[in-house]
Number of protein chains: 2
Amino acid sequence: MRPTVNDIAREAGVSLATVDRVLNARPGVRAQTITAVNDAISKLGYVRDMAAANLARSRNYRMAVVLPDTESQFLHTLLAAISHAAALAATARTEVEIHRFPAEDMHALADILARLGAAQVAGIALMAPETPIVRDAVRALKALHIPVVALVSDLPNTEADHFVGIDSRAAGRTAGVLMGRFLGEKPAKVVVLAQSMLLRESIERRRGFDEVMQSDFPQVEVLQTLETHGSADTLRQVVTELVRNTDGLRGIYLLGSGHRALAAVLRDLRLLGRLTLIGHELTPHTRRALEVGQLDAVITQNVGHLARSALRVLRAKADRGVIDEAQEQLRIEIVIRENLPPDGDDAHSF
Amino acid sequence: MRPTVNDIAREAGVSLATVDRVLNARPGVRAQTITAVNDAISKLGYVRDMAAANLARSRNYRMAVVLPDTESQFLHTLLAAISHAAALAATARTEVEIHRFPAEDMHALADILARLGAAQVAGIALMAPETPIVRDAVRALKALHIPVVALVSDLPNTEADHFVGIDSRAAGRTAGVLMGRFLGEKPAKVVVLAQSMLLRESIERRRGFDEVMQSDFPQVEVLQTLETHGSADTLRQVVTELVRNTDGLRGIYLLGSGHRALAAVLRDLRLLGRLTLIGHELTPHTRRALEVGQLDAVITQNVGHLARSALRVLRAKADRGVIDEAQEQLRIEIVIRENLPPDGDDAHSF
DNA sequence: GTACAAATGATTGACGTACATCAGAAGCTT
DNA sequence: AAGCTTCTGATGTACGTCAATCATTTGTAC
């Protein structure tokens, strides 16, 4: 049989109450006694039964996920993954509420965070750009001892406890190497397309991409970044103009998603399938584009893992548990047609 | 507050005992009453607290992992991952014992499986080739209602409940596409190196690789598979001879791991870094080879995830729980230098 | 040696579910 | 309506841990 707290008490020659005090780091135990108890624990190989512990605590974990209300494919996918993870987490007495804020309105975001703080939620997963207002809001949450994890987008200069996502610069470097190797040794020109360069991720990706291109692929010329601001018209215009004025354009690096509009333009220009296209984030659109050969590779992160990881980390933080760093590490995934995960993995239908 | 069985009883107008009978599918309840209880359950949104349930059952899960005793880098890595996962699973009343059998001795394997069956373990994760003896042994286990999951290597024609691993053929296809694209459009020759073609994985990978090469990269000629049988001398001999007699050799596809010996030979032949090398499985060796540019890409699976997934699935099978297919799906990962996960992820040091 | 604080013991009632037992009610057959 | 089976209710114990209470011992300072 597996040892219990009673066995520890007997082995250490102390009472159950003392063992409990040691286990839960409560005050009022001599250092010497603590040692004795810990010795007994390691001698018997005791491991605390988390199920029973949580039951006894009868603790419910009310977690909050806070996201911008942007209507992108990626956010859609992420949202589905979070809902799915939340449904499963319900079995483990964890309920998840999702809050969204107007993408540009940091004050609205701060309000939401303040309310969550006042409501004493057990933890918050936050996807937001790092602005002074956000920094202050996070600081306020930390003052209330509420764990905060950064989701997708890191918040390095805040007091956030953890970052769940991938290194954008390394992701950009990865995209760069693939682009360089796919293009081969002939001189070539590559253009970078972005919806907006205001997002930290876009900047970081671009930086990583450029680094690699300069150091490893001198034969490839990386043109200026074209911003489309999410408008299909703008995109059509800039791409058409670019193609007209550029000899030797052989690749496009898509900093964000938004592949659909580009495919339409390229089709009209009779360039679809003749350029090397590399983008980010696996969504139903990019998946389809990979399947039919319109996209050559996608750099992505596993959103299912992302959602589960965020909840797990929050929970561990909430009851000062242990975090398995190896498990929570998100990988920069390279997806091509041949290793596309089966459908349903990123578009949870249930 | 979250509803409990008591709330269900009140809502359905029945007693606690009846709710319990319905929940645990015990006999002696009228169909009509069952419906009433189920209605109450869905109305209140009740979800059974698995922690409390398992505690009450006071159930311990004794799981077994059965592996060949081959001394490969991959098995080493896998073993570390399993130990790590097992240590964490201990918190959830799950203990894991690891058994190893002589790689060629299927009877020894059958013995182990029979003993585990007799010992009534809660589940078995099995990595073994599919032979008639193994098929029979698995069938015997199923007769005892012991869940069996296939690990790494699928057992499609047995009664195994689940497969935790990746599709080797798709992995081979992925390697093929990368090889083809990295080599570019010039005619080229590629050789395939294997320790042995007896393993199902090797055959499947080779098959996927060839498929892709033939259909997508006609300019690349894939030479015959060279078997090294794990001997560094044989490897040196066949590779040296090959290089001498082959014009235009530009790539090597390593079906297994065993990159170290190859690197030595290539260095002597002054070919290190001048060929495109693609291999399988991320281990300390292949990691290092990627870092220094000796390997161009590695196709792998996340062994940490593999180990955790196997234990989760076994547990879910053991108490007829739900399996989250999306979570248990292992991905075919492409690793290059730029997206190498941080160390420690595949070499758990603890 | 008394006074007081600190450390420890002893005991108890949760937490949500499983499972067993026994008594009683409802439904059926004849 | 009696006798029977099939359902249902009521009740209690257990699982391993948490958390609180109160009693008691030990240690320390004067």
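This is a predicted model: local features need pLDDT of at least 70, side-chain atom pairs count only at pLDDT 80 or more; totals for chains, interfaces and linings use all residues.
Residues are numbered from 1 along each chain as its sequence is written, and chains are lettered from A and ligands numbered from 1 in the order in which they are written.

**Strand pair, chain B**

I looked up strand β1 (residues 61–68) of chain B and found it joined by 8 bridges to the parallel strand β2 (residues 94–101) of chain B; strands pair if DSSP finds at least two bridges between them, and helices (H or I, at least four residues) and strands (E, at least two) are DSSP runs numbered from the N terminus. Within this pair, I noted Tyr61(B) opposite Thr94(B) in β2(B).

**Glu204(B)**

I located Glu204(B) in helix α9 (residues 200–216) of chain B. Glu204(B) counts as buried because it has 20 C-beta neighbours inside 10 Å, the cut-offs being 20 or more other C-beta atoms within 10 Å for buried, 12 or fewer for exposed, and partly exposed in between, with C-beta atoms placed from the backbone. I also noted that the C-alpha atoms of Glu204(B) and Asp167(B) are separated by 8.5 Å, although the two are 37 residues apart along the chain.

**Surface near DNA strand D**

I recorded 25 residues around DNA strand D, with Thr4(A), Ala56(A), Ser15(B), Thr18(B) and Thr33(B) coming nearest (near means a C-beta atom, placed from the backbone, within 6 Å). The largest share of this surface, 5 residues, comes from α4(A).
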